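Have it open, and let's walk through it together.

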Amino acid sequence: MGWAGISRSGTKGKAGRSLVIAAQRHSELIGQVVRFGLTGVLLTLLVAGGYWFVADVLGVEPMLSMTLNYLVFTGLGYFLHSRWSFKGHGSRDKPARRTARFFTVNTFGFLLNQFFIWLLVKHLGGPVWWSVIPIVLVTPLVTFSLNRRWVFS
C-alpha cells in the first residue's frame, strides 16, 4: 500500500496529519527527481555525447567544444525543465527572474564542466572521455539542487 492509502482516520491527531503532509511533499519531490532525471539523462547524453564527438572525432579544442554544446542545449534545457521537470513546483510569477536564474545555474554548470575539462584533459593530459565522467555524474546533481531550490522554487 502506498502513501495514498493513508487516511486521516487511520492516523492519530496532529502527528498523523504531519505524516500525511510529509508524504505528499516527498511524493512531489520524487516526481520532480524522476522527471528531472529523465530530462537530465537526455540532456546529459546530448551534451556529453556532443562534447565528446565534436572534441574527439571532429578534433575541435575540448573547451570550445563544451562551449558550443552549452550554446546549443541551454535553451532546450530551459524549455524541458520549466515545462516538465519542475511543473507545478513553486510559483510561476516573475518569469524574467526565473529565466535569468536558470541561465545563471546553467552557466555555473557550464563553468563546472569547463573546470573538469581543464583539470582532467588540459592539466592532467588525460583523454577527452575522462572529463565526461564528472560531467555526467557531478554536474547534474549540482544543477538539480540549484534548479529546485533557487530557480523553480
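**A cavity and a pair of helices**

Let's begin inside: H2 supplies seven residues to the lining of the largest cavity, and that is the largest share. Keep in mind that you're looking at a predicted model.

How do you find a space like this? Rolling a probe the size of a water molecule over the atoms shows where empty space is left. Here the count comes to one cavity of 30 Å³ or more, and the largest cavity holds about 390 Å³ of space. It is lined by 23 residues, and the closest to its centre are Leu43, Val47, Asn106, Thr139 and Thr143. Helix H1 (13–57), helix H2 (62–85), H3 and helix H5 (139–151) are the elements that each give two or more residues to that lining. Sort the lining by class and you get eleven nonpolar residues, twelve polar ones and no charged ones.

Now follow H3 itself. This helix covers residues 95–123, and its 29 residues should span 42 Å at 1.5 Å a residue; the end C-alpha atoms are 40 Å apart, which agrees. Just after H3, Gly125 takes a positive phi of about 75°.

Next comes the meeting of H3 with helix H4 (residues 128–137). Two packed helices are described by the angle between their axes and the distance between the axes. For H3 and H4, the axes come within 8 Å and cross at roughly 145°, and the crossing is right-handed. On the H3 side you'll find Asn113, Phe116, Ile117, Leu120 and Val121, which meet Val128, Trp130, Ser131, Pro134 and Ile135 in H4. By class, that contact has eight nonpolar residues, two polar and no charged.

Definitions and conventions
Residues are numbered from 1 along each chain as its sequence is written. This is a predicted model: local features need pLDDT of at least 70, side-chain atom pairs count only at pLDDT 80 or more; totals for chains, interfaces and linings use all residues. Side-chain values use heavy atoms; hydrogens and water are left out. Helices (H or I, at least four residues) and strands (E, at least two) are DSSP runs, numbered from the N terminus. The expected span of a helix is 1.5 Å times one less than its number of residues. On a 1 Å grid over the protein atoms alone, a cavity is a set of points where a 1.4 Å probe fits but cannot get out, and a pocket is an open set with protein on both sides within 12 Å along at least five of seven lines; lining residues have an atom within 4 Å of a point. Grid points are joined across faces, edges and corners, and a volume is the space filled by probe spheres set on the points. Ala, Val, Leu, Ile, Met, Phe, Trp, Tyr, Cys and Pro count as nonpolar, Asp, Glu, Lys and Arg as charged, and the others, Gly among them, as polar. Axes are lines fitted to C-alpha atoms, for helices over the stretch in contact, and angles run from 0 to 180 degrees between N-to-C directions. A crossing is left-handed if the near helix is turned anticlockwise from the far one by less than a right angle, and right-handed if clockwise. Contact means heavy atoms within 4.5 Å.
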